[in-house]
Amino acid sequence: SRLLAGNYNLIEETEKFIAEFHDAEAGLIFNSGYDANIALLGCVPQRSDIIIYDKLSHASIRDGIRLSFAQSFSFIHNDLTDLAKKLSSSRKVRKANIFVVTESVFSMDGDTAPLEQISELCEKYHAFLIVDEAHATGVVGKKGEGLVQDLQLQKKCFARVHTFGKGCGVHGAIILGSKNLTDYLLNFAHSFIYTTALPEVSIAALRASYYLFPLMHKERQHLKNIIYQFQATKSGFTILKSNTPIQVVILPGNEIVKQLAENMQQHGLDVRAILYPTVPKGTERLRVVLHSFNTFDEVNRLIELL
């Protein structure tokens, strides 16, 4: 455990380095995005508090909320009217801290949250905004800094979670916020206290990725180009609108989507089936994750197979 013998200079220096990159006061590294979300949501909101979260939030967010003693309510995905309604009714509860939780890029639909409007609602109702940036890290923004900073909302957030297993291609996650928040988590977050620290080789790889991805302007532009190429596909299937690397083809029924995914894989394309109950029945899907190393020819082959 880092609180016993597992702490070292490189991990503390990297926390400071990443916090500065993301324009945050402080950061605390966790072993995974799952550990970070269950820590943040499981121990910060208290019994008298209220958590309002997007209905399509990741399982790690919902598991963290279940560990909390706070009341919780979901709002319809990206629906500002429903969020305002929940905030208004929650604000009538005296002495309640209200936490609003969303993702910047949603992992199963590839769409983005209307963060500017959500931030305005949080200000209006004196709520604390928490944003999971897992699928935006390294990809969204001029330097891959994420959607929050791209919209200049970093000072409006109570906490941000950046995970490193997607765009960074390494291991772990960081919770960004005030020094008070990271000090509190250091003392009360079970998924930080009661686990072994990431080894130095993991932190060195993480630091290297944070040196690298801010310079990858050509790669991010290429990503945008192949996203546009795929979005222009004309097929008999429903392709969800997404300007992120996560592209979704809806194919109702577990069996048909498994068959098509297997066919793609046999043709050398690593496309995965997402099945019920991971997504609601009738919205089973192919999940295509585009990378900067994918070529226009590969995307054309994917379109032809569809």
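Tutor: A residue counts as buried when its relative accessible area is under 20%. The model discussed here is predicted.

Student: What percentage of the 306 residues in the protein is buried?

Tutor: The cut-off is a relative accessible area under 20%. Applied to the 306 residues of the protein, it gives a buried share of 51%.

Student: Why is the protein said to be as compact as a globular protein of that length?

Tutor: The protein has 12 helices and 11 strands. For 306 residues the globule rule gives 19 Å, and the protein is as compact as a globular protein of that length because this is close to its radius of gyration, 20 Å.

Student: Among contacts between residues at least 6 apart in sequence, what percentage joins residues at least 24 apart?

Tutor: Contact here means heavy atoms within 4.5 Å. Of the contacts in the protein between residues at least 6 apart in sequence, the share that joins residues at least 24 apart is 67%.

Student: Are helix H4 and helix H5 roughly parallel or roughly antiparallel?

Tutor: H4 covers residues 80-91 and H5 covers residues 115-124; their axes come within 10 Å and cross at roughly 15°. Angles under 35 degrees count as roughly parallel. H4 and H5 are therefore roughly parallel.

Student: How many residues of the contact of H4 with H5 are nonpolar?

Tutor: On the H4 side are Leu-80, Leu-83, Ala-84 and Leu-87, which meet Gln-117, Ile-118 and Leu-121 in H5. In this contact one residue is polar and none is charged. The number of nonpolar residues is six.

How values were computed:
Residues numbered from 1 in each chain as written. Predicted model: local features only at pLDDT ≥ 70, side-chain atom pairs only at ≥ 80, totals over all residues. Heavy atoms only, no water. Axes fitted to C-alpha atoms, helices over the stretch in contact; angles between N-to-C directions. Helix = DSSP H or I, 4+ residues; strand = E, 2+ residues; numbered from the N terminus. Parallel < 35°, antiparallel > 145°, perpendicular 65-115°, else oblique. Nonpolar A, V, L, I, M, F, W, Y, C, P; charged D, E, K, R; others polar. Rg over C-alpha atoms; globule rule 2.2 N^0.38 Å. Buried < 20%, exposed > 50% of the residue type's maximum accessible area, 1.4 Å probe, protein only.
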